[in-house]
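Here is a short briefing to read alongside the model. Keep the viewer open and follow the topics one by one.

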Amino acid sequence: MSDSVYNVLFLCTGNSARSIMAEAILNRDGQGRFRAFSAGSHPAGSVKPEALELLKKLNFKTGDSRSKDWAEFAEPGAPEMDFVFTVCDNAAKEACPVWPGQPMSAHWGLPDPAAVEGNETERRLAYSDAFRMLNNRISVFVNLPMSSLDRLSLQKKLDEIGKAGEEVA
């Protein structure tokens with residue numbers, strides 16, 4: 001892989017929390033080497049306020065955050081993706097569009113904070129946990145030696161990041 005800017009798409013069913021947080025994290029922590037996007041197979045149409053609140057509290061840019069359909073990234077003229085990561089189990093089981101350029105992909109599933117029922121503290125904790133897991137995985141990803149890994153070795157590393165879950169550090 002070259003030393004260019006890599007386009008990364010995070011997919012989830014609703015594109016309202018996990019994929020939005022992943023997009024924000026990578027766009028900031030990717031230090032200009034990565035450009036992140038997010039989308040959903042069945043977009044909710046809006047971003048969960050708890051996700052936006054957490055990102056704002058942690059000084060992430062959220063002005064461009066919106067829930068969008070993954071078909072937007074399979075259309076002519078869309079940015080060509082280098083990597084596609086599913087962050088929810090439902091999206092991983094669905095038939096994805098054919099992505100131009102055959103990007104590398106991996107499943108980095110984690111619990112849906114939007115599905116947590118309970119009091120406000122329990123819901124906020126679920127969003128914080130999801131953020132922490134995504135942040136850990138993305139930290140490992142951005143520090144991979146992209147230019148020195150062949151495609152097979154890189155795919156193995158991407159899969160390991162998703163399987164390691166919380167243990168990634």
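Helix 1 is mostly covered, with nine of its 12 residues buried; buried means under 20% relative accessible area, exposed over 50%, and partly exposed in between (1.4 Å probe, protein chains only). Helices (H or I, at least four residues) and strands (E, at least two) are DSSP runs, numbered from the N terminus. This is a predicted model, in which local features need pLDDT of at least 70, side-chain atom pairs count only at pLDDT 80 or more, and totals for chains, interfaces and linings use all residues. Residues are numbered from 1 along each chain as its sequence is written, and side-chain values use heavy atoms, with hydrogens and water left out.

**Helix 1 in detail**

- The buried residues of helix 1 are R18, S19, I20, M21, A22, E23, A24, I25 and L26.
- Their cover includes strand 1 (6-12), strand 2, helix 2 (49-57) and helix 4.
- Helix 1 (residues 18-29) reaches 16 Å from its first C-alpha to its last, close to the 16 Å expected at 1.5 Å a residue; the expected span is 1.5 Å times one less than the number of residues.
- E23 has its place in helix 1 and counts as buried, at 13% relative accessibility.
- Leaving aside neighbours within four places in sequence, E23 is in contact with F10, A36, F37, S38 and K68; contact means heavy atoms within 4.5 Å.

**The largest pocket**

- The largest pocket has a volume of about 360 Å³.
- On a 1 Å grid over the protein atoms alone, a pocket is an open set of points where a 1.4 Å probe fits, with protein on both sides within 12 Å along at least five of seven lines, whereas in a cavity the probe cannot get out.
- Grid points are joined across faces, edges and corners, and the volume is the space filled by probe spheres set on the points.
- The pocket lining holds 19 residues, of which E23, A24, N27, K61 and D64 lie nearest the pocket centre; lining residues have an atom within 4 Å of a point.
- Helix 1 gives the most to this lining, with five residues.
- Helix 1 and strand 2 each supply at least two residues of the lining.

**Aromatic pairs and a charge over a ring**

- Rings of Phe, Tyr and Trp (its six-membered ring) pair if their centres lie within 6.5 Å; planes under 30 degrees apart count as stacked, over 60 as edge-to-face and the rest as tilted.
- By this rule the count comes to 12 aromatic pairs.
- One of them is the tilted pair of F34 and F141, at 5.0 Å centre to centre and 50° between the planes.
- F34 lies in strand 2 (residues 34-40) and F141 in helix 4 (residues 120-142), so this pair ties together parts that are 107 residues apart in sequence.
- F34 is buried, with a relative accessible area of 3%, and F141 counts as buried at 0%.
- F83 and F85 make a stacked pair, 6.0 Å centre to centre with 20° between the planes.
- F83 is buried at 0% relative accessibility, and F85 is buried with a relative accessible area of 0%.
- One aromatic cluster is formed by Y6, F10, F34, F83, F85, W108 and F141.
- R28 lies over the face of F60, at 3.6 Å from the ring centre; a charge sits over a ring if NZ of Lys or CZ of Arg is within 6 Å of the ring centre and within 35 degrees of the ring normal.

**Loops worth a look**

- Q31, in the loop between helix 1 and strand 2, has a phi near 50°, a positive value in a residue other than glycine.
- Q31 is exposed, with a relative accessible area of 65%.
- N59 is not a glycine, yet has a positive phi of about 65°; N59 is found in the loop between helix 2 and strand 3 (83-86).
- N59 is exposed, with a relative accessible area of 63%.
- S41, in the loop between strand 2 and helix 2, counts as buried at 7% relative accessibility.
- S41 and C12 are 29 residues apart in sequence and 6.7 Å apart in space, C-alpha to C-alpha.

**The whole chain**

- The protein chain has five helices and four strands, following the pattern β-α-β-α-β-α-β-α-α along the sequence.
- Of its 169 residues, 43% count as buried.
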